[in-house]
Amino acid sequence: MSQNPTRKSEQVRRANRVIKNRTFWLMLIMGVLLFVILFFKLYSLQIVQHDELQAKAANQQMRSTVVTASRGTIYDRNGNVMAISATAETVFLSPMEIEEAQSDKENPPKWTKEFLAKELARILSVNEEGILKRMDNTDSQYEVIKLRADEELADQVRELINEYEIRGVYMVTDTKRYYPYSSLAAHVIGFVGNDNTGLYGLEARYEEELEGQTGLVVTAKAANEHDMLSEYEQYFAEKNGNDLVLTLDTTVQYYLEKNIAEMAEKHNAGQGATGIVLNAKTGAILAMASYPTYDLNDYGAIQNARLKAAIQSKQVSLGDMQLRQWRNKTLNDTYEPGSTFKILTLAAALEEGVIDMNTTFDCPGYIKVSDATIHCTSKHGHETIQQTAANSCNPAFITYGLRLGNEKFYEYMKAFGMMDGSGVDLDGEAKGIFMDPSKFSQLDLACYAFGQNFNITPIALVAAQAACINGGYLHEPYVVEKIVDDDGNVVYQHDNTPIRKIVSEKTSANVRECLETVVASGTGKNGQVAGYRIGGKTGTADKGKTGKVVVSFTCFAPADDPEIIMLITMDEPDESIMSASGGGSVAPYSGKVMAEILPYLGIEPTYTAEELLGADTTVPNVVKLTVDEARQKIKDRGLDCRVVGGGDRITDQTPLGGAVIPGKSTVILYAGEKKPDTQCTVPNLVGRTPSEANTIVSNAGLLLRFSGTTDSSSGSIRVTSQSETAGSKVAAGTVITVQLSDSSVED
């Protein structure tokens, strides 16, 4: 029996619906599954791997280079540049592009990697193997091979690129730090590292102000890795750093460094020397030096012969010696000040009224304190207060300290800033080392009163000494006067307001009077400067039981109204060379510094009538005058003359007109006779008395100028140095300047 067609048709329709439904659900499930898969894939690409893929895309499509901001310039107080950033170029490679260029068979390059490495190494003075190794990093597009190359070297690299059509070598503008004065004020200025970040000195202390903000250049790249046109380039400007204007004076700094280096070398100072020149009224530091020094443009190199020898003998490492030469001993290191500290004891005792200007003292050559005997340099006998300072009498100053008492003495120590440091605007200032006040004994007080058994920094001491002689005002010493931005706006100005007033003007005036006596007739007379009233104090301190000493001299001028104060120290001088005392070895060099910087700073000399006769004067030009006219003109200048020849008129003279020579010197006039053109040999004057030196120099056809002590009553005054080297040849009439020192001076 045949099936009903209608029923059969219904069965087919049902079957088709089932298939359609199944297909729909299958497609729906597959669609949802595919959507989920795509969703998670897109999520991974767009969210999870977003930064990574974006960086890859950016790396493929653009090249970004940092534009270094110009670091701020450092000026001295007169506008002289002490540190400056100049344009340089950093040379870098793109190993990826170099590899692609080498693989280009259609347009093979004119160069090979080996050739390129060899030429770059030759031009830039870098290691050839190091360049080849960087070229092997073919996934990299930035491998630096020379930081901050000079423009001359950069131009040679540019010529190499153009000549051989080199791909993958680039240069970006950078800045390089230069120090025009090399080693001058090295310990104050400091230096920057390879990344242009300050590492020492002002460069480190004022890093935030000096560094500026870097800029960025973003350049689009084509598919062939070549840079696209500049219209696709974005430039984010850099911001240059601020400038520092210092209180330092390069001329004063030069004179200070020159003389302390000469002093340290002559006396074979085992631990170097320091010097500070301070404005006594404001605390502004005009010069600050530490010896040995180094070249800021090559700060890693050891400059000092003694330090080099220590490295060669393998006593110490190069790193240790570098750290030693970089240390600013004026503030990083402490020392026992010795008798220069007596200035503070004197000021405190006068201010508290335990002594006055009528006080006298009888020195038996020693004093007993708590069963201990402390000796003096000699038995001074009956002394006025000025004489106790001039003689640097230990028993007298111990007595002044004991009269103050432990508590009051400690109060003044704190008031003068001894405990907390000076606050100078440089990093690394050490704090003084003092005994716990609760354990402070009478014997401790006795030792403290004449500057022993405690340690302070030179900068803290000279700041306190300035307060004793400037009317009583303690100032923070400082080296940065102001900070100026790139547009010339002053963003910082130092405030000269004193920290506190410690002693009265009357006390300060009395201290000045006592200290002027020290230089006029006491232990500091080797620091005298003709035409100037100088006050000062010598110091010699034992370094424990080592047998070594630290010698020093503090001086200021003018003595009645101080403008500047200077402290020079020398650590571990060789006692066999000369008197190892502040008065015998440091004061003469302090006098030389003062003689050079006082006229430069515009501090006028005030000569006595006797000094005026011997003061420097300018030789008049008397050529073509009659002999009588010439004699009179020479005489009017306070000079003597000697005529050679029998002519009526002067045909030549020695020295020539316009030369500056000491008063009372003899000018040689030639009347018709030819002036000799032979040069004179400079005699050796060191160790001679003033009279002997004068005779020897005159016989040699030269002129003599004295500096240093003028105490003609002392039989122990000798020449300690001379301006011209013995045995050298100089023109007739040349002025030889000699330094006089009294070898009998102590403390």
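Biologist: At what angle do helix α4 and helix α6 pack, and how far apart are their axes?

Modeller: This is a predicted model, in which local features need pLDDT of at least 70, side-chain atom pairs count only at pLDDT 80 or more, and totals for chains, interfaces and linings use all residues. Residues are numbered from 1 along each chain as its sequence is written, and side-chain values use heavy atoms, with hydrogens and water left out. Helix α4 (residues 113-124) packs with helix α6 (residues 151-164) at about 160°, the axes being 9 Å apart. Helices here are DSSP runs of H or I with at least four residues, strands are runs of E with at least two, and both are numbered from the N terminus. Axes are lines fitted to C-alpha atoms, for helices over the stretch in contact, and angles run from 0 to 180 degrees between N-to-C directions.

Biologist: Which residues make that contact?

Modeller: From α4 they are F115, L116, E119, L120, I123 and L124, and from α6 they are L153, Q156, V157, L160 and Y164. Contact means heavy atoms within 4.5 Å.

Biologist: Changing topic, how many disulfides are there?

Modeller: The count comes to 0, a disulfide being a pair of cysteine sulfur atoms within 2.5 Å. For C447, the nearest cysteine sulfur is that of C376, 14 Å away. For C468, the nearest is that of C514, at 12 Å.

Biologist: Why does C447 count as buried?

Modeller: C447 counts as buried because its relative accessibility is 11%. Buried means under 20% relative accessible area, exposed over 50% and partly exposed in between, with a 1.4 Å probe and protein chains only. C468 is also buried, because its value is 0%.

Biologist: What about α18: which of its residues are buried?

Modeller: They are D444, L445, A446, C447, Y448 and A449. With 6 of its 8 residues buried, helix α18 (residues 442-449) is therefore largely enclosed by the rest of the structure.

Biologist: What do those buried residues pack against?

Modeller: They pack against α14 (342-352), β12 (366-369), β13 (372-375), α16 (394-404) and α17 (406-415). After α18 comes G451, with a positive phi near 85°.

Biologist: And where does C468 touch α14?

Modeller: C468 belongs to the contact of α14 with α19, made by I343, L344 and A347 of α14 and L461, A464, Q465 and C468 of α19. The axes of α14 and helix α19 (residues 458-469) come within 9 Å and cross at roughly 35°.
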